[in-house]
Amino acid sequence: DWVPIVRQTALKCISNFKKTDFINALVENLSIFEWLQKVERTDLSPVYADIMNFVVVDNRKFVLDNFRSFSDRTRILIAKQITNSKSVQLTELTMLIGDKNFLVRNCVLSHFEKLTQNENKKLLADKSARVRLQVLYKLKNKEDFTKIVFPFLSDNSASLREFARYSLRAITNDFATVYNNNLKARKNVIGALKGLAEINARAFSESVIPYLSHPKQSIRKAAFFAIQKLDDQEAYKFAFKNLSSEFAGIRNLVIDYFSVSTPAEVLEKARELYKNGNFELKKTMLKLFSRVGKWTTISDIMIGTV
């Protein structure tokens with residue numbers, strides 16, 4: 001059987017490359033070596049472990065000094081290897097926390113007990129909602145956890161807002177006032193708007209209305225999301241007005257809103273916009289007509305295809 005002979009030759013070739021002269025090439029091809037673990041005909045995991053040990057342990061200084069220059073996939077593989085070791089240093093964890101890829105930063109959480117308050121603070125402000133949520137889970141048994149989790153009531157992530165409300169349910173259930181106060185203070189606005197919607201706080205719908213005309217499109221979107229839950233009349237007014245919005249993102253939200261129920265005056269306005277609007281508006285109106293469907297807009301769709 002020639003297979004074992006070929007395998008032994010290949011292993012010998014790999015072994016010959018385990019030299020510092022080839023360390024850069026080995027690092028660049030770590031993702032290929034990772035594939036060895038997926039080979040089912042024979043167990044090549046010891047080969048992979050040997051290569052990773054040579055790269056990450058024997059040549060650790062090179063890896064750490066050049067870490068940022070590696071590809072995302074390579075950095076993730078190295079981060080996993082580094083954090084699989086119980087002897088990982090705080091300086092190494094700090095380096096991983098500063099990485100641009102959240103999967104690299106996420107590896108740090110397996111050594112959460114080694115992190116200082118400064119590192120915890122950075123992770124709580126991480127761009128990734130997944131990282132922020134896992135950090136909160138790690139901290140949930142701390143005495144001052146209610147103080148830590150409170151600001152996340154108005155986090156931009158729905159999962160974090162829900163976790164914060166669940167964690168604080170024993171000390172308060174007046175989350176609507178918290179969200180309303182944030183809106184008044186113009187603090188964590190997007191999270192506060194969505195929070196009000198999630199708890200169906202109709203009594204505070206007036207606080208949402210000013211944000212429907214906010215300069216930032218992302219805030220207007222959040223306000224529209226909230227007002228749909230809190231005030232049907234104001235939601236309709238916003239949608240009707242913004243059917244011809246210059247922003248495609250706003251128009252698409254409006255189309256989603258009107259696709260559920262499309263009054264005659266909306267169709268009339270849509271037909272006028274299709275007739276006199278620019279190319280982008282025409283496309284948006286055709287999208288609305290297709291969403292409405294049936295005999296109501298069949299003629300409009302036919303005109304659009306012509």
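**Figure 1. Salt bridge between E198 and R161 in the predicted model.** E198 and R161 form a salt bridge in which the closest N and O atoms are 2.4 Å apart. The structure shown here and in the following views is a predicted model. The pair links distant parts of the chain, with E198 in helix α14 (residues 189-198) and R161 in helix α12 (residues 158-168), 37 residues apart. E198 has a relative accessible area of 31% and is therefore partly exposed. R161, at 1% relative accessibility, counts as buried.

**Figure 2. The buried face of helix α7.** Helix α7 spans residues 90-97, and its buried residues are E92, L93, L96 and I97. Because these buried residues fall within an arc of 145° when seen down the axis of α7, they line one face of the helix. An α-helix has 3.6 residues a turn, so residues three or four places apart point the same way.

**Figure 3. Salt bridge between E92 and R60.** The side chain of E92 meets that of R60 in a salt bridge, with an N to O distance of 2.7 Å. Since E92 lies in helix α7 and R60 in helix α5, the pair ties together parts that are 32 residues apart in sequence. E92 has a relative accessibility of 7%; this value is under 20%, so E92 counts as buried.

Figure 4. D99 and R75 form a salt bridge, their closest N and O atoms being 2.7 Å apart. This pair links distant parts of the chain: D99 is in the loop between α7 and α8, whereas R75 is in helix α6, 24 residues apart. D99 counts as buried at 9% relative accessibility. R75 is likewise buried, with a relative accessible area of 1%. Together with D72, these residues are linked in a network of salt bridges that comprises D72, R75 and D99.

**Figure 5. The salt bridges in the context of the whole structure.** A search of the whole structure finds 12 salt bridges. Among them are the pair of E198 and R161, the pair of E92 and R60, and the pair of D99 and R75. E92 belongs to helix α7, while D99 lies in the loop between α7 and α8.

Note on methods: Residues numbered from 1 in each chain as written. Predicted model: local features only at pLDDT ≥ 70, side-chain atom pairs only at ≥ 80, totals over all residues. Heavy atoms only, no water. Buried < 20%, exposed > 50% of the residue type's maximum accessible area, 1.4 Å probe, protein only. Helix = DSSP H or I, 4+ residues; strand = E, 2+ residues; numbered from the N terminus. Arc of directions from axis to C-beta. Salt bridge = Lys/Arg side-chain N within 4 Å of Asp/Glu carboxyl O.
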